[in-house]
Amino acid sequence: MSIPSAVPVRLYVNGDRYDVSVEPRRTLADALREDCGLTGTHLGCEHGVCGACTVLVDGQPMRSCLMFAVQAEGSSVRTVEGLAIDDTTLHPVQQAFWEHHGLQCGFCTPGFLTLAAGYLEEHPDAGEAELRDVLSSNLCRCTGYQNIVKATLAAQQAMNGDPDGDTDGDTDTDADVGGEPA
Amino acid sequence: MTGTTTGAEPQTWTGRALPRLEDPAILRGWGTYVADVAARDPGCLHVRFVRSAHASGRILSITAPPGVTMFTAADLDGVQPIRAVLHRPDFVAVATPVLATDVVRFVGEPIALVVADSEAEAEDALDRVEVEIEELPAVLSTQHAVSGHAPLVHDVEFPGDPNTVVDGHIHTDGFDAAFAAADRVVAIQVSSARQSAMPLEARAAHAAYDRATGRSTLHATLQMPHVTRTGIADSLGISEDDLRVVSPDVGGGFGAKMTLAREDIALVWVSRRLRRDVAWIETREENFLAAWHSREQVYDIEGAFTADGDLVALRGDLVCDVGAYCCSPVTWGVEPLMALAELPGPYKVEHYSVRSRGITTNKCPIAPYRGVSRPMQVLAMERLFDVAAAELELDRVDIRHRNLISEFPHRAPSGLVLDQASHQETLAAAVELADLSDFRARQAAAREAGRYLGIGISCFAERTGYGTPAFVARNQPYELPRTASPDVITPGYERVLLTMDPSGGVVLRIGAAPHGQGLRTTLTQVVCDQLGISPEAVRVIDSDTDATPYGWGSFASRAMVIAGGASMLAAQDLAERLRGLAAARLGGLPDDIDLTDGAARLRGTDDAVALSVLARDVYHSAHLLPDKGQPALESVGFYDPSGTFANACHVAEVEVDVETGQVDIHRFLVAEDAGRLINPAIVDGQIHGGVAQGVANALYEELVYDERGVLVTTSLMDYLPPTVHEMPSIEILHLETISPASLTGAKGVGEGGTIGAPAALANAISDALEPFGVGVFHLPATPHRVRAAIRDGEDLHVVARPVPRPEKEAD
């Protein structure tokens, strides 16, 4: 069998341009992780069920394990590394997951964050049932989902400008450690 | 002392729902999991394992075409097999070769490995390897295994029944008379399908070889990095100093990452052989095939009751299908021996006669999975009480109250001692919250409308935080041989090393190895209270054998109790030194010094000295040290407790669609007593996640082998973990019993959710199906099984696999 030769692909990831050379069979997930060095996107099953590899492709949540890198040619890709506002400010979804203990081992977390962020940005008025439907796309083995739902609802409120949106739970951020540890 | 937690924010760091220190990096995608180490190592080679497609067979040939780099058992010259042992006459030890030698014993067993430049090329190479195996008859059920006409899975001597590798008995004096005198004997059989812990990160390993030093560094996704280092060094015959084991961020473990993996040994070996970095990232299919199973157990139990509902005697025959090899270090005794010791749980059982067996079969080996055998023990006891209540026409809550332990310490028939807990109180609290009378009214109204609601209760005691004494008790007493080591591994203690550097920064190095529990946060909270510092001054270093003291890792709901106690002791030691140094400068006695807000303060005055000043002077003005001590601020904490029992009562409210057999959970309550909560948010998170796995075990997840012993559930389209849709919102009520058996007052909480939920759900479904006269005695209660039970009017029981007939009938 002959190894297919690599082809050039231009990816725009988190606002940066990556000119990479990949085999046609290389998945977008592998290209992001190995060719772009963005290892925040995780692979939990590589058959499209668990959703840990979810990234936003032109704003839409996609399973990056089920997409070839060449299919993302010219597309704008957003990964978990591209969610935070800047080095000191997390995306509201990240902030809410932190405050509401929406993660334990953290392996599924990038997929849930991109899924929730992508959906909330497109559907700011989504109801709880609709959000639960969306969150049911992905698997988490640690949290039982309760705090993931809670965090997503809190993030929605914060994104919609409700000042109470991120502090309605029972896991309030303590003022002494409100910032990120150094 | 038992109280209900108030939820008010305490003045201490412990007790607060402090957002986790681990999270910011993970949330940004900056975590480091093992596959990330490989992805960032462009020069590393990739390994794939050739695995057996047969449950039992003789390897005739393994061939790879030119251009494929392959290694088989024949290449592993001098590499020792894994051999885990317990010192008991009924225990059968076997060797687990790193790669199968001559024979294969389960589908998925590794028999060779291929190495290539990339993962994709390694997969291509795997496809080109040809394996010829002469298939042999396989043993696929415990009934067949002990039948006397089954092949032996291992060619070793079995002291008792064939293929029986553990056969434990307890028979208390006076049992027979007590059993015979009972008013009523209630007999049930409960069972569970095989299940997988299924951490979302499958196994992964990256072995690096340093030519300059000859050392290897293994990054692997583990719960026991130090013990793994010992196991690999033993197998390869190298010094432990030649191997560094690191578990970076670990994507969930749930027990499945505490067992020594053949693949990890092979990876270090091939890295040393090739003097190259190599990586193996397990696929989900491999994880289902070969990364440990659990829960395939059948318990026959008989409870002897008085007419009033007192359980006076309990008889049991407990059978665990432990698969083809013995897991190390806890051995294939882990499920049967835990069941033997702990079956009565929170209930008073004076007379006890139980046999508990582990039986080897040609299936994936079992290893610990969250709860180990306790989900089955609780299922057995809680179904027993519901059936007994029905037969004796007693109230289901009353019969539990009659039998729950209320005096402490309580000595169980196995000799286990249960410490202070709140069994009666958690049941009462849960029942009050559930509002049973309101439920019965709703249930009756729903039945009128053709809807079937049910409610189920389960009470349990969760043995947590147990150290060396508990593991010693699994063996018969033995002495150290004069010149050799015993072949038994006895886990248990934890040690920590706490240092304050010249800037006042505090580093806690622990032998425990967290995998998502937030242990760095909770241990930081413990240390901060003792030293009067805030969390940003503390760094916890774990899961790196080069940087941490030898320890047993994180499993068995132990880390908060044992590593927490050790951390508290170390911090108290360091605080004492700091108080002495401060008193020498400020005046007064050490006891007059308070450590708060990063300073040592002379009580009753405004005099204070910053800890950073004390620290700097210890290192840099050593000649002026008032206590003439060493120029270092460090302490070692060591803790090795015998264990403490957390307890809880779960209540599940379900609706069964009798047309489809679908079970919906309407409500799930947990009244939990985990002692003092170090971080309430983390405790609740453990309960949520534990219950989710209990729901999974009760309703959805099942590993299925076909009639040839081939696993047919090897993807997440066949094996069905719950999504958010299947999970109810869980209501939690905390009670707080402070037991002297835990230094911090914390009891373990990691496994309870998974232990209690299956029984509560089985009881709830059985309650819903009461009009049909059928109950649930096998899990998972899938729609198909529930529907079949309703249709046939028969209890939901395990369907035994047909036992193959002997080749030749004896005359």
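The legends below accompany several views of a predicted model. Residues are numbered from 1 along each chain as its sequence is written, and chains are lettered from A in the order in which they are written. Because the model is predicted, local features need pLDDT of at least 70 and side-chain atom pairs count only at pLDDT 80 or more, while totals for chains, interfaces and linings use all residues.

**View 1. Chain B as a whole.** Chain B contains 20 helices and 30 strands, where helices (H or I, at least four residues) and strands (E, at least two) are DSSP runs numbered from the N terminus. Its radius of gyration, taken over C-alpha atoms, is 27 Å, close to the 28 Å given for 811 residues by the globule rule, so chain B is as compact as a globular protein of that length; the rule is 2.2 Å times the number of residues to the power 0.38. Of the 811 residues of chain B, 59% are buried, a residue being buried if 20 or more other C-beta atoms, placed from the backbone, lie within 10 Å of its own.

**View 2. An open sheet in chain B.** Seven strands with mixed pairing follow the order β4-β6-β2-β13-β10-β11-β12 in chain B, and two strands pair if DSSP finds at least two bridges between them. The edge strands, each pairing on one side only, are β4 (69–72) and β12 (243–246) of chain B. From one strand to the next the twist averages 25°. Strand β11 (residues 215–220) of chain B runs parallel to β12(B) and is joined to it by 4 bridges, and T217(B) has R244(B) in β12(B) as its bridge partner.

**View 3. Helix α7 of chain B on the sheet.** Helix α7 (residues 262–274) of chain B packs on the sheet and touches several strands, including β10 (204–210) of chain B. The direction of helix α7 makes about 25° with that of β10(B), with axes fitted to C-alpha atoms, for helices over the stretch in contact, and angles running from 0 to 180 degrees between N-to-C directions. Contact here means that the C-beta atoms of two residues, placed from the backbone, lie within 7 Å.

**View 4. Helix α13 of chain B.** The 13 residues of helix α13 (436–448) of chain B reach 18 Å from first C-alpha to last, close to the 18 Å expected at 1.5 Å a residue, a span computed as 1.5 Å times one less than the number of residues. The number buried among the 13 residues of α13(B) is 1, so the helix lies largely in the open. After α13(B) comes G450(B), whose phi is positive, near 80°.

Key
A residue is buried if 20 or more other C-beta atoms lie within 10 Å of its own, exposed if 12 or fewer, and partly exposed in between; C-beta atoms are placed from the backbone.
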